[in-house]
Amino acid sequence: MRQEPTKRDTKEQLIVSKWLNEMGLEHSREEEFEPYWVDIFIHDLNLAIELDGQNHLVKRDSIRDSYLVNTYGISMWRIKNKTVKPDYRPEFEKEILRIA
């Protein structure tokens, strides 16, 4: 599990990563699933979390998500960056527990 932030880590990735650490969930940031990368991957849940900024294109993301789900059998969860704020944490944790 890579802990040091890279140039590609966003503030939102670091926040979600911190929340997951505090929940005791092992995960990695910027996990590769060729030919793509996912923002966060929770190994035990086989769950990829994508944190979407303003530049995400719905059609392109849908094709990408379908490829990852069908090729690697992982689940995808997309979260808009603008929702990753302290008051979102309870909802985030509730969803993680639901998925688990």
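**Labels and their criteria**

Author: Arg-78 is found in strand 4 (residues 75-80); strands (E, at least two residues) are DSSP runs, numbered from the N terminus. This is a predicted model, in which local features need pLDDT of at least 70, side-chain atom pairs count only at pLDDT 80 or more, and totals for chains, interfaces and linings use all residues. Residues are numbered from 1 along each chain as its sequence is written, and side-chain values use heavy atoms, with hydrogens and water left out.

Reader: Why is Arg-78 called partly exposed?

Author: Buried means under 20% relative accessible area, exposed over 50%, and partly exposed in between (1.4 Å probe, protein chains only). Arg-78 has 24% relative accessibility and therefore counts as partly exposed.

Reader: What makes the pairing of the side chains of Arg-78 and Asp-65 a polar contact?

Author: A polar contact is a pair of N or O atoms within 3.5 Å; within protein, one must be able to donate a hydrogen and the other to accept it, and residues adjacent in sequence count only if both atoms are side-chain atoms. The side chains of Arg-78 and Asp-65 are joined at 2.7 Å, and the side chain of Arg-78 also makes a polar contact with that of Asp-52, at 2.5 Å.

Reader: Why is Glu-30 called buried?

Author: Glu-30, which lies in strand 1, has a relative accessible area of 11%, so it is buried.

Reader: Why does Asn-46 count as partly exposed?

Author: Asn-46 lies in the loop between strand 2 and strand 3 (47-52). Its relative accessibility is 30%, and therefore Asn-46 counts as partly exposed.

Conventions:
Helices (H or I, at least four residues) and strands (E, at least two) are DSSP runs, numbered from the N terminus.
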